[in-house]
Structures are given as structure tokens and as C-alpha cells.
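Dear colleague,

Please find the structure below, handed over for your reference.

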Amino acid sequence: MAEDTAVALNAPENAPESLKQWVGQVADLTQPDEIYWVTGEPEEKERLYAQMVETGTLIPLNQDLRPGCYLARSAPSDVARVEARTFICSAKEEDAGPTNNWADPEQMRETLAEKFDGAMRGRTMYVIPFSMGPLGGNISKLGIEITDSPYVVASMLIMTRAGNPALELIAAGEYWVPAVHSVGYPLTDAEGNRRDEIAWPCNDEKYITHFPESREIWSYGSGYGGNALLGKKCYALRIASVLARDEGWLAEHMLILRITSPEGRNFHLTAAFPSATGKTNLAMLRPTIPGWKVETIGDDIAWMRPGADGRLYAINPEAGFFGVAPGTSEKTNPTALHALGHDTIFTNVALTDDGDIWWEGMTDEPPAHLIDWRGNDWTPESETPAAHPNSRFTVAAGQAESISPVWEDPAGVPVDVILFGGRRATNVPLISESYSWEHGVFVGATVSSEQTAAAEGTVGELRRDPFAMLPFCGYNMADYWSHWLKMGEELGDKAPRIFQVNWFRKDEDGNFLWPGFGDNSRPIEWALRRVAGQVEARDAISGRLPNLEDLNLEGLELGEGVLEQLFAIDPQAWAKEADLTEEYFKMFGDKVPEQLLQQLSEIRSRISQSA
Ligand code: OXD
Ligand code: MN
């Protein structure tokens, strides 16, 4: 028989009444066996990990080789963010806009009430108070995630500042966002029949839902990454973008770097890149130009707010990296690899015979034998990859040797440069500077990548990923552009300068023209020298281009004519590009800001002047 006695709340003494009430309501709905409030203390972590080793959720790695490291293997059906099951439940459909899945909030609440009814039976319900950003910082914000997954608790303890100090701020009356998560795999049914725990519980039906008006997150059915660690994409981007619009700041899918010139001047740069464009590598850039130092502040998300001096200040709201493992090697990203030497959770990578980890691209030669991400024997002859292509590492940001001493400054760092990057084989030059903030917003709004065979769609077609926010903007994308334009008006001449970069241009034979990686420091150096007023630029259709002799190419061998090809602008191709942009804007109807249409017409007049 089902028990109808309410479960003990176990709330800490300082938990405010409204929080206790909400936790009680969620417990009444989900009917867990017990409630546990996450403190963030070290012995709690030990207990949680030991319990997950017992259930098979975590496999301890060789503790001599990788102390404090564990491997998790997800269900094969639960390996990535599920964009098709991600919903913005705004009261009006037009407020979600054409790039989001909209769902009627009333109907979604009914569906969720059904799904969450008894969803935590037989399980512990964890209450995780957390801070996005340094505790108590004026750009930071708080949240509470309720979850029935200890893997999520362990991950949130790495990815956010979770536990008692966050609860203390909430107890003191700070604003917080509620987020509820269940894997949707109760261990007891309504009649009280139990089933066994499994290593990766989840549900075939998934709902990742956001209520922008009430600023709530409800996530059901997945235990993986951004579907389940609700501080990341759900809060720090989708809900935070709504808060930012209403409060006059920016919540962006951007990495943050501090770059110091040979003269000792510090610059701060944020950069938006769509997936599969080497964002983590850039976040841990090792410059090939002598004398320049690059430090990491964030690898994925930036929250930016105007400071008292009128400049834009950025913080990394996260405390860890949830990075894609495959392709990470001593050559491509030694900094990331070194960070993973201890206290890391690996998910869906391969296991070596000596209890270490491996993934495609880590070494030139794969080991002769592995256990693959599904737990099966694997040899180099196997036809499937050993690590899942979206396998991940979860590691504290402080473990990266490139981490900046200022990365936890609650005041943030003043942003000098914003970069937008796509993955373009043609047309888009290695670097170009926007003529104005409005032009920069136009560039961010229209950024695109050529479709690869890996994604759905026709190869060669442009996939737009405005501001790299396509799946992460919590409201109408065109309204978001208007918000960016408004921010530019407020920042005036203190606004960061906006540049577009493209590391992926190819020659006619399909070879990349630019070596990328550490050499990306070269065009970035040019951008910083522009900010410092040290170099001139020349006007072109796409924006202002470097005079080629101003690029620092010391120690780099480029083939004959390659530099010219990297900056070649073909007016006819740009005319076609402008037509595609006009088509694309139609999708947003009359919400497209006038200033962006004006930018399109300015591009067209630059095209006709140069034709
Ligand atoms: C991520 C993503 O995982 O952008 O950071 O998908
Ligand atoms: Mn991301």
C-alpha cells in the first residue's frame, strides 16, 4: 500500500518558510522516501560517491593513475541535450518566437503534474541550494535544484557553488530560481511494489521545460548534462536571458578570457561560438606569439552587467567545466587534459585495461583493448567509437593551469572585445571588425555555419546560430536582438568592440587555410591592438579588415597567397549572402529591429560600391 504520511522535510534551521513550503509541495507531488538538503561538506561528497559506486552509477578509475576520478556510463538513450524536448512555456507563443519549441504553460503544467506524480517514489529527494557566480557577487544569482539523482548532485557540486553558503544567502532574503528535476524512474510503484536500482535511471519520455514568466524550470526523464544540471543551460542561459532582458544585463553563451600583452596591459574578451567550433580549446588557448599570456575565466557562459564606470563587466556563472572529451589531446588542448588528472567525473568515455580513460583523438594510436562507453569489449577493429562522441568530463574550473587569478572576482572583469565565430568554408574572413555596435549585433544575429553531414539538413546549406544562442535563448530571438541594441545605447562609447572570426576557411581543394589552435592568438592580437589604438584597418564589405602587414605572423609558415585567400571578399558571393540574410530575417516577421534591416542595407550599399 502507498503511504500517505508526508515525508519529513529535514529542513535546515535557516531555511526560509517559503522555501520549506515549496520543497514540501514538490515532495507531496513526487513522494520521495526521504529528503536530504545538500550541504557541500567534504564528507557528504564521500558518502554520495560511495553510494553511487555501490549502485554502479560510478566506476572508480585507477586511483594511483587518477585519484578521485570516476567513470559514469549513461543509458544509450540518454547521451545529450534533447532540443526537440526542450520547451519555452511562455503565456504567449510569440514570446517564445520561431526558434524555440513553445508549449502552452497551462497544458504543460498538467502534463508535468502527471509525470512528476510519484516520480521519486523509493528514492531520496535532494535539495541543492546553489549560486551561479561567486557567492554574494552583484552579478551572481541563486537557485535551488531539487533532484532525485545523486549523479546530478555530484555534478552540481562541481559545476556550481552549491551547499550551505548558498542557502545562507537565500535565508538572508536573496532572490532565487526554483528548478525541479527527476530522472522519471521511481523505484516503488503506487501499490508499493519495488524494483531494483539501475546504474543510469532515466525515462524514454523527456521534458525540459522553462516558464519565463514565473522563472521556473522543470525537467523530467533525463539524467544527462544540460537536461539535468539545471544551473547550466536552463538557468544560466534560458531563464537568465529573460532576467537579463528585464533587469538590463546580458546572459550569454560565451567563454571569457584575460589576455595580457607583452607590455603588461590586461584585456578581457568574451566569445560566442556554435558547437563543434573549438570553444573549449579557445578558452584554454596557448598563444604561439611570444610575450602574450592567456588566462581562462570561463569556457561556456558569461553574465555581463554594466558597472559603475559604465563599462560592461563579465563573470563566469559556473564553477566547473562540462567539456566534450573526444578530440582533447596533448596537442589540441594540453591544459584541459592536465586538468583531468584528479577529481574528475568522466561520462561515456572508454575504460582502459589498467583502469584509466581513453577517447578518440586522445592519442594517435588507440589502445589494443578497451571497454567502450556501453560497457562492451572494444578493439581498434570495432566499428563503433570507443567513447561516445558527446562523452564529457566534469571538473572544477580551478583545476585548469590556465585559470586566471581573477576568475572568481565577484565584480567581474571589464570586457574589451566580443568575438563571434561561425564555421565557414567560404566568404567570411579570418577576422573583421564591426563598424559599430549595431553592425556587431547584426553580425551576431546572422552568424552561421555550413551544414556538415553530421547534422540534419543539406550539406553546404547555412545553419544560423544567432549569438550561438539558438537553443538557449529563453524568449523571442528578435526581441533578444532588440535587447542587445538597447544595451549598446546604454553602454555608448564604453561598449566593447565587436569582431567576427572564422578559423575554418578552406581552399578550393577543401583544405583548411588557417592552422587554428594556438595560432588563433594572431588575429586576436590584432583585435586587441585595434582596441589599444595601435593599428589601422581598411574598410570592406564584411567590416574592417587588417592591413595584412599588421598581422603578427612571426614563426608561422603560410603557403603562397594563403593570407590573401583568408581575407578575400567576393562581392557577388556577399550579394547572395545578403539575400539569404533577408530571407532569414523574414522568419521573425515585424519583430526584426529596424537597425538590423538598416545594417543589411548598408552591406548592400558596400557591395554595390565595390562591385
Ligand atoms: C554545451 C553545449 O554543452 O553548448 O556547452 O552544448
Ligand atoms: Mn555550451
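**The open sheet and its neighbours**

In this predicted model, 5 strands make up an open sheet of mixed pairing, in the order 2-3-18-23-17. Its edge strands, each pairing on one side only, are strand 2 (59-60) and strand 17 (320-324). Strands here are DSSP E runs of at least two residues, and helices are H or I runs of at least four, both numbered from the N terminus. Two strands count as paired if DSSP finds at least two bridges between them. Strands of a sheet pair through backbone hydrogen bonds, either parallel or antiparallel.

Strand 23 (residues 392-396) has antiparallel pairings with strand 17, over 5 bridges, and with strand 18 (residues 344-347), over 4 bridges. Within strand 23, Arg-392 is the bridge partner of Val-324 and also of Thr-347. Because 4 of its 5 residues are buried, strand 23 is largely enclosed by the rest of the structure. Buried means under 20% relative accessible area, exposed means over 50%, and partly exposed lies in between (1.4 Å probe, protein chains only).

Another strand, strand 14 (residues 293-298), is mostly covered, with 5 of its 6 residues buried. Strand 14 runs antiparallel to strand 12 (residues 254-260), and 5 bridges join the two; Thr-296 in strand 14 is the bridge partner of Leu-257.

Helix 12 (residues 521-531) is largely enclosed by the rest of the structure, because 11 of its 11 residues are buried. Among them are Arg-522, Glu-525, Trp-526 and Arg-530. Just after helix 12, Gly-533 adopts a positive phi of about 70°.

Glu-106 belongs to helix 3 (residues 105-116) and counts as exposed because its relative accessibility is 54%.

**Conventions**

Residues are numbered from 1 along each chain as its sequence is written, while chains are lettered from A and ligands numbered from 1 in the order written. Local features need pLDDT of at least 70 and side-chain atom pairs count only at pLDDT 80 or more, whereas totals for chains, interfaces and linings use all residues; side-chain values use heavy atoms, leaving out hydrogens and water.

With kind regards
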